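Open your viewer and get ready to select a few side chains.

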Amino acid sequence: MLDKLEIPWLHILVALVLLVIIGPTPIPQPMVTPICSAIVALESGRPDSALDFLDVAMAFEPALEGLHTQAAEIALAAGEPLAALKHLEAETSLASSDPTHACLRSRALLAIGNTAEAANIWMEADGICLRPTQFLQDLAQAYLMEGNPTAAQAILEELAFIDPTDPDIRMSLAVVTATIRPEIAIQHLRLANELNSSVNSLALDLIRAIEDARPAEDRSYSLAQVGQTLVRHGEWTSAVWAFQHALELNPEYIEARAYLGLALDRAGRNGLEPLKAAVNSNPTAALPRIFLALHWQALNQPERARQQLEIAARLDPTNPAVPAELGAAYFALGDIRLAIAAFRLATELAPEDPRFWLLLAQYSTASEIEVQTLGLPAARNALVLNPDDPAAIDTLGYAHFLLGNLHLADRLLWRAINLEPHRAASQFHLGLLRQAQGDLSRARASLEMAIQLDQGGPIGQLAKRVLVHIHP
């Protein structure tokens with residue numbers, strides 16, 4: 001936190017204390033002590049404590065009005081923008097003459113979400129503020145959070161001009177630009193990849209998507225391809241902008257509308273309306289129904305999801321993702337046999353895809369149905385197709401545990417944990433194994449780890465139930 005403070009403020013406080021100590025007039029100790037304590041707190045990286053001490057000193061001696069600016073700076077470093085504004089308002093004598101006052105006010109306003117006024121004050125300050133890069137980065141982020149990529153793009157362009165070699169700034173500019181004008185974004189994407197110390201897979205995938213879309217000479221299509229690439233990388237908020245801009249150019253773009261609903265859902269917003277609109281616009285398209293089903297699944301409404309997925313299965317019978325999602329819906333509804341049948345169908349449609357074999361194995365072991373004849377072979381297939389997948393190794397280990405082969409289960413579960421120590425399911429399965437082996441202290445340790453890794457989640461809840469029955 002201390003690196004966010006301007007060093008001159010600390011020097012000013014030290015100088016003030018020296019003047020107080022050597023001055024000819026006796027100074028009350030209640031004023032000296034809190035200022036000294038504030039200095040110690042700043043040196044220790046505790047701006048919140050320093051702010052409290054300064055408040056005490058200024059309350060004792062109102063003549064210390066000059067410390068309000070320093071207090072505002074410290075308040076910002078402590079993450080208390082409202083306190084910063086309060087100190088700035090109290091220092092009325094310097095409000096118009098000290099440029100620092102305006103700079104601090106713009107930072108505080110930005111921190112409380114008043115983006116427009118913060119930007120106006122900053123621009124009026126006309127380049128006199130310190131640390132412009134940090135403020136501009138915060139301003140760009142605020143615009144992005146508000147869903148204003150055009151304003152963010154302008155700020156990011158200014159940042160890229162200030163520091164053209166910063167790979168993060170360049171990549172942020174490239175992504176935002178790709179969601180507005182994909183053809184212009186390519187130069188930024190290439191430079192971002194060059195500046196990155198390792199291969200930037202997102203930049204390369206976006207370049208490929210934009211280049212592949214060029215022959216169509218349709219910007220809405222290009223934006224949709226950018227959006228789908230961002231979806232594959234989990235960049236949900238940026239994907240929302242790409243699909244929104246695609247629909248502005250082509251409101252009848254059903255696939256873009258369906259993807260917009262999906263991206264809104266995954267970005268923590270509500271994608272129901274665009275999903276319903278996509279389904280209603282083209283009732284014979286499977287994709288909007290699949291995404292609508294995912295929406296209902298996320299809201300724990302498996303019956304509604306089942307209805308959409310069964311229609312999607314008839315519309316697109318060769319898509320393995322449909323029976324895979326349908327299996328999850330059946331499982332949530334308690335129809336384990338139908339769920340297993342759906343997962344088996346997914347593996348038949350895509351026998352070389354390890355993900356569907358893993359799903360089949362996980363649901364078989366979770367329900368403890370046909371573990372020997374179904375779950376175990378499915379887990380082996382998943383591992384053969386993806387040998388270094390900790391989830392597949394863990395599931396195979398758990399299958400052996402359920403079948404009583406504790407020695408092999410031990411080896412596999414340890415291998416999975418070595419590959420991914422923070423996987424809650426692996427820790428939970430290891431806890432069950434240790435309990436079965438009679439090693440209760442290590443069982444507790446693994447179960448407690450699973451709870452920490454999946455707080456409030458299904459694995460964490462299962463671990464809590466088991467842990468209750470394991471005494472110290």
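What follows is a short tour of aromatic contacts in a predicted model.

A search of the whole structure turns up 5 aromatic pairs. To begin, select Phe 243 and Tyr 259: their ring centres are 5.4 Å apart and their planes meet at 20°, so this pair is stacked. Now colour the helices. Phe 243 belongs to helix α14 (residues 236-249) and Tyr 259 to helix α15 (residues 254-266), so the pair, 16 residues apart, links distant parts of the chain.

Together, Phe 243, Tyr 259 and Phe 291 make up one aromatic cluster.

**Stop three: a charge over a ring.** Next, select Trp 296 and Arg 304. Look down onto the ring face: Arg 304 lies over the face of Trp 296, 4.4 Å from the ring centre.

Finally, move to helix α23 (residues 390-402), which holds both Tyr 398 and Phe 401. They sit 3 residues apart, about one turn of the helix. Their rings form a stacked aromatic pair, with 5.9 Å from centre to centre and 15° between the planes. Are these two residues buried or exposed? Buried means under 20% relative accessible area. Tyr 398, at 10%, is therefore buried, and Phe 401, at 16%, counts as buried too.

Key. Residues numbered from 1 in each chain as written. Predicted model: local features only at pLDDT ≥ 70, side-chain atom pairs only at ≥ 80, totals over all residues. Heavy atoms only, no water. Phe/Tyr/Trp six-rings, centres within 6.5 Å; stacked < 30°, edge-to-face > 60°. Helix = DSSP H or I, 4+ residues; strand = E, 2+ residues; numbered from the N terminus. Buried < 20%, exposed > 50% of the residue type's maximum accessible area, 1.4 Å probe, protein only. Lys NZ or Arg CZ within 6 Å of the ring centre and 35° of its normal.
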